[in-house]
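Me: I have a structure open and want to talk it through. Can we go step by step?

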Amino acid sequence: MPAAAHPGRDGPARNPLKRLLIRPGAIGDCVISLPALEFLRAGYTEVWAPSRTLPLIRFADRVRSLVATGIDLVGITEPALAAFIEFDSITSWYGTNRTEFRDAVAHLPFTFYPALPDGRCHAVDFFMRQVGGPDGAVPRIECARADGGFVAVHPFSGSESKNWPLAAFEKLAAELPLPVSFCVSPEQHYPGAVQMDDLYQLACWLASARVYVGNDSGITHLAAAVGTPVVALFGPTDPAVWAPRSAAVIRGQPMSGIGVQAVRDAVMAQIQAR
């Protein structure tokens, strides 16, 4: 029996279905998918995702770690299917390439979508179009914005080829008129850098920065999603597809071709715009 409809955050009644959304992927994948996930919000909405990204999914009635659900056993052991039975609708970016998984759930109300953008439009639009949503959405994570008077810098990414040289970040930090705080993920290392296991806590810290500077990374998307002015440095990836819509983008191929002065000018423009 579907759950009764009730008002959503913005007033109108939500779809009365009991819906499951399954979204694997890294931090950036989660953030750019948020508008599509929220567009699918129903009377009861449960989201399964990697444990690290769960704190960023604020709209759901329940979130669960993918690992804890036993989803990897679907198609291998029959009991693993039991968790799906209670849902009226299941939208999944997981399992597209797992034939045994798709075969095992063929009798259930699954809709599968490709988990990676095709490069023909902005990544946020790609996911929104999959679910019937409009173009132009901007990911948002609610955190209180405050001007802490510092510049936040995340000097890494998921690929060395997307990283501006660390020495360039350090030179930039030395030339800015505001204090600079570096942040890194728990598995990364930089002396004195901010490290937070909980991504929502990190998001709230980023929301207190006057400006953020970083490479094409999930943390850059996170900073943009909380409303912090962002200077995003791009190299091999296409900013027309991957850059946060609100970001000031500087691109160099290779990344070492981006000059410190150009980045400093972009940061100063963001500071002066506030």
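Me: What is the relative accessible area of D118, and is D118 buried or partly exposed?
Reply: This is a predicted model. In it, D118 is partly exposed, with a relative accessible area of 38%.

Me: Which residue does D118 form a salt bridge with?
Reply: The partner is R120. The closest N and O atoms of D118 and R120 are 3.0 Å apart.

Me: And R120, buried or exposed?
Reply: R120 is exposed. Its relative accessible area is 73%.

Me: Why do such side chains pair at all?
Reply: Opposite charges can pair when the charged atoms come close.

Me: How many salt bridges does the structure hold?
Reply: There are 10. One of them joins E187 and R52, with 3.8 Å between the closest N and O atoms.

Me: Where do E187 and R52 lie?
Reply: E187 is in the loop between β7 (180-182) and α6 (199-206). R52 is in the loop between β2 (42-49) and β3 (62-65). So the pair ties together parts that are 135 residues apart in sequence.

Me: Is E187 buried or exposed? What about R52?
Reply: E187 is exposed, at 55% relative accessible area. R52 is partly exposed, at 29%.

Me: Next pair. Which residue does K162 meet in a salt bridge?
Reply: K162 meets D216, at 3.7 Å from N to O. K162 sits in the loop between β6 (151-154) and α5 (166-175), and D216 in the loop between β8 (211-215) and α7 (218-225), so this bridge ties together parts that are 54 residues apart in sequence.

Me: Are K162 and D216 buried or exposed?
Reply: Both are buried.

Me: New topic: α1. What span should its 13 residues have?
Reply: Helix α1 covers residues 27-39. At 1.5 Å a residue, it should span 18 Å. The end C-alpha atoms are 19 Å apart, which agrees.

Me: Where is the kink in α1?
Reply: It lies at S33, shortly before the proline P35. The kink is about 50 degrees.

Me: How many residues of α1 are buried?
Reply: 11 of the 13, so α1 is mostly covered. Among the buried ones are S33 and P35. I27, V31 and L37 are also on that list.

Me: What covers them?
Reply: The cover for the buried residues of α1 includes β1 (15-22), α4 (123-130), α6, α7 and α8 (239-242).

Conventions. Residues are numbered from 1 along each chain as its sequence is written. This is a predicted model: local features need pLDDT of at least 70, side-chain atom pairs count only at pLDDT 80 or more; totals for chains, interfaces and linings use all residues. Side-chain values use heavy atoms; hydrogens and water are left out. A salt bridge is a side-chain nitrogen of Lys or Arg within 4 Å of a carboxyl oxygen of Asp or Glu. Helices (H or I, at least four residues) and strands (E, at least two) are DSSP runs, numbered from the N terminus. Buried means under 20% relative accessible area, exposed over 50%, partly exposed in between (1.4 Å probe, protein chains only). The expected span of a helix is 1.5 Å times one less than its number of residues. The bend at a residue is the angle between axes fitted to the seven residues ending there and the seven starting there. Contact means heavy atoms within 4.5 Å.
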